[in-house]
Amino acid sequence: MGDWMTVTDPGLSSESKYISQYTSETKMSPSSLYSQQVLCSSIPLSKNVHSFFSAFCTEENIEQSISYLDQELTTFGFPSLYEESKGKETKRELNIVAVLNCMNELLVLQRKNLLAQENVETQNLKLGSDMDHLQNCYAKLKEQLETSRREMIGLQERDRQLQCKNRNLHQLLKNEKDEVQKLQSIIASRATQYNHDMKRKEREYNKLKERLHQLVMNKKDKKIAMEVLNYVGRADGKRGSWRTGKTEARNEDEMYKILLNDYEYRQKQILMENAELKKVLQQMKKEMISLLSPQKQKSRERADDSTGTVISDIEEDAGELSRESTWDLSCETVREQLTNSIRKQWRILKSHVEKLDNQVSKVHLEGFNDEDVISRQDHEQETEKLELEIQQCKEMIKTQQQLLQQQLATACDDDTTSLLRDCYLLEEKERLKEEWSLFKEQKKNFEKERRSFTEAAIRLGLERKAFEEERASWLKQQFLNMTTFDHQNSENVKLFSAFSGSSDRDNPTVHSRPRQKKPHGAPSGSPVCTSKLTKSLPASPSTSDYCQTRSCVSEYSSISVLNTTPEESKPHQVGRECTNQKWSVASRPDSQEGCCSGCSSTHANAHVEKDDLP
Amino acid sequence: MNFSEVFKLSSLLCKFSPDGKYLASCVQYRLVVRDANTLQIRQLYTCLDQIQHIEWSADSLFILCALYKRGLVQVWSLEQPEWHCKIDEGSAGLVASCWSPDGRHILNTTEFHLRITVWSLCTKSVSYIKYPKACQQGITFTRDGRYLALAERRDCKDYVSILVCSDWQLLRHFDTDTQDLAGIEWAPNGCVLAAWDSCLEYKILVYSLDGRLLSTFCAYEWSLGIKSVAWSPSSQFLAVGSYDGKVRILNHVTWKMITEFGHPATISNPKIVVYKEAEKSPPLVLGRLAFPAPRAAAGPLSSTESKYEVASVPVSLQTLKPAADRANPRIGIGALAFSPDSCFLATRSDSVPTAVWIWDVQKLRLLAVLEQLSAVRCFQWDPRQARLAICTGGSKVYLWSPAGCVSVQVPGEGDFQVLSVCWHLSGDSLALLSKDHFCLCFLETEQGVGTAFGQRGDHT
């Protein structure tokens, strides 16, 4: 950098030649700078840049530096820092926008470069680690290769040794074989020699024997003799017979007789054995036929040719055999028949047994799957049956229900039953029925109450009439007397109380309870009442849906409003009071559940209203 | 089980008469004939020298006593004690003597097997049979006594001659295809003759009575061959024991091998019952020293008791290592015998000398193995039932039956070393022979054996 600085100073003075040189220099220098930057950390780099730039441009050489920069930038393809010169003479002006653009672009470039650099660095690191890894792998593989090579060499060595051994053994074997052969030949030669010697010796021995025999026998040895007190008789009591040709023939005959006897005996034994075996065979055959006959029918059903024909053959054979008394025939004639039929049957039996075996093995192999399948078929049939039955039962139930409902419909309102039938499930129906009965009761009560109220109203009317009459008379009196208002007021109050007292008298038990609590009619009581209602809702026995309760609440509130209004405006609207009174009374009888019952009543009413809807 | 008192005996010469009435025994040069039941002496004959061989005639009327050293045969009659007969073979010498089945002829084999002289007790006539072969079993009579088969050797070839015993006429004469015929044996039915080669070659030939070759059987080559042969009493099977430690059983229809009984040293099949003789030290008597005195000093009472224990398989039997450089190596099946009902076969493998193998012939499998404490000397089947008597040269006799087996201590003074056993015809009694004594063992009922499984019989 210092070097570069020294170069710049003279360069800055004047000539363009220098500048060109300069550019070449700078072209070199940033690259070197860059390389240095790569080596250095980013912070000192920026500092360096700063210092460098501060050193680069001074108060004096602004123009030069600008022009230098312009040149540099233009060489790098940036737009010129100067404004488009109109004339060559006129001094070009620095375009600040261009400068800023250039700077921005440069900064962007710088950032890009930095990013690229970072990327390159990370990649470099990655590559370095990869390289390390690969080198490790390489080393390992090399080791493995080495070991395997060593192993291979060892194995080859062993192989070679074994081959060597094998060769040796082969050699030994060959030698042994040779030895054996040699020994055998020796044995053979020895044997022949021995035999030869033996023969020679035996001949000699025989000669000697002969000679000895001659010597011993020809000497007329007196010693060779038998001293017997007296000759004994033969064991069989017969006398000895002369040796003649006859006796020889007789002996022959006897011998042959003995042999014949023996052979006859053996033949008899063999015959007996044969007979027994035949018996066994026949029995076996019979048993086989009896065993295979059920199968035969099956096979016939199946129209299986091979087994069918065989079995029919068997049948024929059996018939033949039973017809002919084959027992007495010699084996040759019967043998083929018997053996063939037995063979056939045996084949059938074998195949049958094999089949059974296969089945058994299958069952064993598949565990209980096969059985499951079989039972599943049954199951399916069964389930189908059952489903059918269920269907039938359902239908029956339906018809019964319909009948019942028709019966009910005849008893109940047609509209409601139809509605019930259509809209509700059985449970609901049941519940609704209960409710219905409850409502009915309530309705009855209402009717009763209404009656009492009408009576009371009649009475009231009568009283009012009387009152009116009284009033008229009183007014007449007053009109006549023209006394003070106070008296009149007190009279009025009295009148009111009398009225209330009359109403109390109608149903005193009902009236006492609402008094313990707050009267529904009180304007402040309405919110309390709603809250209570919501509270008591879960406990309510004939719970209707929340929305219903809500509607009921709203109803109630409206009722309460209604209730308040008559009490407030009672003195003014007497005619309306009469109808509204119904409501207030209806809410009264069950103060605790009153709201509920009231709500239910409203609910019922709503229902009734609803019923009218469709 | 009862035991008789002990009688003197020499050269193991003690024989029941074929009718089962008498018992002949020899003491040096005396021949004593006793009643087989009461053991009272019926006759006493004195011979010229030490008796080397005795044989009852088939009708139990005569006994021949062979005095080989002197070349003499003396015949005694049981009916006529004063009757006597002496046959002198003179300078020709004598190596074997036997009765013909009719009980009226005596066949004497001269030394060097120069000839066989047939002496008749009925007439003065003497017959000679030339060229008899010096072999293991060269003379065999059929059961019915009609025929004699004789092994011959002429011009280095083996021949078999079949003679009619009634007049000693030659019936058949044929050569056998053998290198060195070792033995011949008639089948019990008298119609088939088995002939086998010497141990150098495994070869057994079966001939019909009329001399036709029925079959030849050769199990293997280049090895020591047949060691023992036995016919089953039913003539149905021919058991051939060989040096390879196997018994091969041929059938009488095709004369082919039915089965092969190997004699392995270890028995691992749990179906096979292995009876192992176990020594049981006698209970200590109070006042005696605890440590056992040496056997010789302890005297007769020292003989330890023994019993059979059923060993749990696998069992490995004691085997002898044969000396390969000696002749007649102790390997192979040295003895084999069928039970009288042909249901069982008892065998002894010489390489496992302490064991007796009992095979079930009906099922063709090994049934039981009896392992004794010492080498088995001899065994013999009860002639009436499947009951095997075994002796090992000790003071005990062992009995096996399908129900089980017992070890019986022979009572008496001193050690009675049973070297041989001999059944009575009825199977009711058993003669036990030691070197110079013999005694009879009476088996009362088969219950005694049947129930006393693995127990020691009483010996009162």
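## Polar contacts and salt bridges

Between chain A and chain B there are 14 residue pairs in polar contact, both residues at pLDDT 80 or more. A polar contact here is a pair of N or O atoms within 3.5 Å; within protein, one must be able to donate a hydrogen and the other to accept it, and residues adjacent in sequence count only if both atoms are side-chain atoms. This is a predicted model, where local features need pLDDT of at least 70, side-chain atom pairs count only at pLDDT 80 or more, and totals for chains, interfaces and linings use all residues. Residues are numbered from 1 along each chain as its sequence is written, chains are lettered from A in the order in which they are written, and side-chain values use heavy atoms, with hydrogens and water left out.

The rule also picks up five salt bridges across this interface, taking a side-chain nitrogen of Lys or Arg within 4 Å of a carboxyl oxygen of Asp or Glu. One of them pairs B:Arg153 with A:Glu202, with the closest N and O atoms 2.4 Å apart.

## Contact and buried area

On the contact count (heavy atoms within 4.5 Å), 44 residues of chain A meet 54 residues of chain B. The two chains bury about 4,400 Å² between them, 54% of it on carbon and sulfur atoms; that's accessible area (1.4 Å probe) lost on being put together, summed over both.

## Strand pairing

Strand 1 of chain A and strand 10 (residues 84-88) of chain B run antiparallel, joined by four bridges. Strands are DSSP runs (E, at least two residues), numbered from the N terminus, and two of them pair if DSSP finds at least two bridges between them. A:Glu227 has B:Lys86 as its bridge partner in strand 10 of chain B.
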